[in-house]
Amino acid sequence: MRSLSQAPDRGLEAALVQCAHLLREPDRLPVMFVAEPSARWRLSRERIQPTGPAADWPVDVVEATGSTNADLMAAVREAAWPGHAAGAGPAPLLAARVLGAQRQTAGRGRQGRPWNGDHGLTFSVACAFAGEPAQLAGLSLAVGVAVADAVATYAESHGGSGQALALKWPNDVQIAGRKLAGILVETVRNAPGQTWAVIGIGLNLERPRALENALGRELSGVEELVDAPEPNAVFSALLTALGEHLQRFGAQGLAPFVAPFAARDAFAGQRVQLWQDGIVVLEGVAHGIDAHGRLAIESGGRVQWVHSGEVSLRAASAAQP
């Protein structure tokens with residue numbers, strides 16, 4: 001029996017083809033969409049070659065767009081569901097597609113923060129999970145583990161090191177407390193047991209100095225771990241890791257990722273503050289995550305479990321976010 005994860009999703013494919021066709025016609029785009037990205041980080045579709053489950057994912061790369069997440073969210077709303085679950089687990093992964101962009105002009109991170117991607121890779125993966133949105137709790141954490149694993153594997157196989165990589169709950173990858181990658185997960189429930197998760201990822205290949213100046217804080221880049229990272233190879237490594245990790249997440253949930261997250265947890269055992277709307281709503285010592293993606297914070301002699309939401313986690317010694 002052919003795996004449904006390998007079967008093409010004709011509805012989503014048609015929607016993406018139409019979207020990509022528009023994006024490749026500069027005269028039909030606003031002028032701001034066609035600015036030239038850094039030549040160092042240009043992608044070549046032919047050189048993006050993931051292995052494992054992701055080898056069968058359709059990949060499209062466009063010159064410019066507003067947001068790859070917004071494009072895929074629009075596409076999956078019109079797409080036919082890829083089929084019935086072929087594997088066991090709480091929410092098996094049936095199919096996935098990838099959309100990357102050389103440049104984003106309206107990219108956004110969590111809490112609506114802007115992310116243009118001129119300094120690295122910006123892409124989104126649309127995943128069809130045979131389950132309910134509630135069963136995807138902690139997905140951003142599993143994706144964070146995948147991104148960190150991929151970057152570490154790439155760096156170590158090219159003479160570098162991934163030991164400095166850390167994970168910040170609920171959706172950041174860091175180097176020495178400075179953001180390296182951000183993750184945004186959005187979901188669309190088509191019908192009972194049919195949920196699309198669109199996973200947006202922005203990864204800095206170099207330190208984005210202009211963005212650092214605009215944000216007033218330091219960021220990081222893959223270049224700090226390995227000399228001259230090749231964007232297509234890094235992209236391939238990311239997709240390879242995502243294919244393996246997302247398949248595992250669909251079959252087993254977040255449980256297999258709790259220990260790998262703990263191994264890179266940026267705030268384990270540290271005093272932290274939880275900010276919401278510019279106010280500290282909780283302060284205490286962080287004690288990692290559970291199999292539901294909740295963060296444990298010990299405060300006032302008891303442990304409180306925090307769900308991911310419109311909150312920001314910071315070291316207690318850090319300035320207001």
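Here is a guided look at the sheet, a helix lying across it, and a cavity and a pocket.

First, some ground rules: this is a predicted model, where local features need pLDDT of at least 70 and side-chain atom pairs count only at pLDDT 80 or more, while totals for chains, interfaces and linings use all residues. Residues are numbered from 1 along each chain as its sequence is written, and side-chain values use heavy atoms, with hydrogens and water left out.

The protein has six helices and 12 strands; these are DSSP runs numbered from the N terminus, helices being H or I with at least four residues and strands E with at least two. Of its 321 residues, 54% count as buried, meaning under 20% relative accessible area with a 1.4 Å probe, protein chains only.

Now find the sheet. Seven strands form an open sheet with mixed pairing, in the order β1-β2-β3-β7-β6-β5-β4; two strands pair if DSSP finds at least two bridges between them. At the edges sit β1 (59-65) and β4, each pairing on one side only. Look inside the sheet and you'll see β5 (residues 172-175) running antiparallel to β6 (residues 178-191), with four bridges joining them. Here D172 stands opposite G182 in β6.

What lies across β3 (120-129), β4, β5, β6 and β7 (194-204)? That's α3, which runs at about 135° to β6. Such angles go from 0 to 180 degrees between N-to-C directions, using axes fitted to C-alpha atoms, for helices over the stretch in contact (heavy atoms within 4.5 Å).

A search of the whole structure finds two cavities of 30 Å³ or more. On a 1 Å grid over the protein atoms alone, a cavity is a set of points where a 1.4 Å probe fits but cannot get out, whereas a pocket is an open set with protein on both sides within 12 Å along at least five of seven lines; lining residues have an atom within 4 Å of a point.

The second largest cavity has a volume of about 30 Å³, counted as the space filled by probe spheres set on the points, which are joined across faces, edges and corners. Its lining includes S140, L141, D172 and F261, and α3 gives the largest share, four residues.

Finally, the second largest pocket holds about 500 Å³ of space. Among its 25 lining residues, L136, G138, S140, V185 and S308 lie nearest its centre. β6 gives the most to this lining, with five residues.

Conventions. Buried means under 20% relative accessible area, exposed over 50%, partly exposed in between (1.4 Å probe, protein chains only).
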